[in-house]
Amino acid sequence: MATALKDKLGNDYGAPMDVLAALFDARGWALDTHADEELGGEIQGAWVKYQVRAVLRPEDGVLQLICLPDIRVGKERLPCAYELLGLVNEQVWLGHFDIWSHGRVLVYRHGALLPDDGMLSVGQAQALIESAVDECDRFYPAFQFALWGNKSPADALEAAMIDAAGEA
């Protein structure tokens, strides 16, 4: 990290995009820089590869992390998907799932407030990415059961939670 600094506890931190790029590089994840304030890449999850995007809004002091589990929702399944989103989001502590209106793509989003200096620690970057991938992995089966397995949203969520508990 070219802009790496150390805080009082010896933790590395720096400009958010530099920290995230260094983390992607260290983990061997594919990285694609779109602009000074946006980067993305691909991360293998438990079920599929996720497209992960980070967008920085320095004027607001916010870093938004977006994770796309490659699920498109057909028009006929939108009511089911929205009901399941409500149930799933009740279980999520950080971030939320949504369906983008363009393309009806399932997305997980989390916005992180940055401190006044606008810096991000390596630990924070790692936690943001890991929590996004973990949440997508956790609920991917529920969306599969509801959207392609024709289970009710409540049954899909229950089945996904039982399966996840059984794999631990």
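Colleague: Ground rules before we start?

Modeller: This is a predicted model: local features need pLDDT of at least 70, side-chain atom pairs count only at pLDDT 80 or more, and totals for chains, interfaces and linings use all residues. Residues are numbered from 1 along each chain as its sequence is written, and side-chain values use heavy atoms, with hydrogens and water left out.

Colleague: How many aromatic pairs does a search of the whole structure find?

Modeller: The search finds 4. Rings of Phe, Tyr and Trp (its six-membered ring) pair if their centres lie within 6.5 Å; planes under 30 degrees apart are stacked, over 60 edge-to-face, the rest tilted.

Colleague: How do F24 and W29 pair?

Modeller: Edge-to-face, because their centres are 5.2 Å apart and their planes are at 80 degrees. F24 is buried at 1% relative accessible area (buried is under 20%, exposed over 50%, partly exposed in between, with a 1.4 Å probe and protein chains only).

Colleague: And F97 with F139, what geometry?

Modeller: Edge-to-face, at 5.9 Å centre to centre and 80 degrees between planes. F97 lies in strand 7 and F139 in helix 3, so the pair ties together parts 42 residues apart in sequence. Helices (H or I, at least four residues) and strands (E, at least two) are DSSP runs, numbered from the N terminus.

Colleague: Which residues do ring pairs link into a cluster?

Modeller: F97, Y108, F139 and F143.
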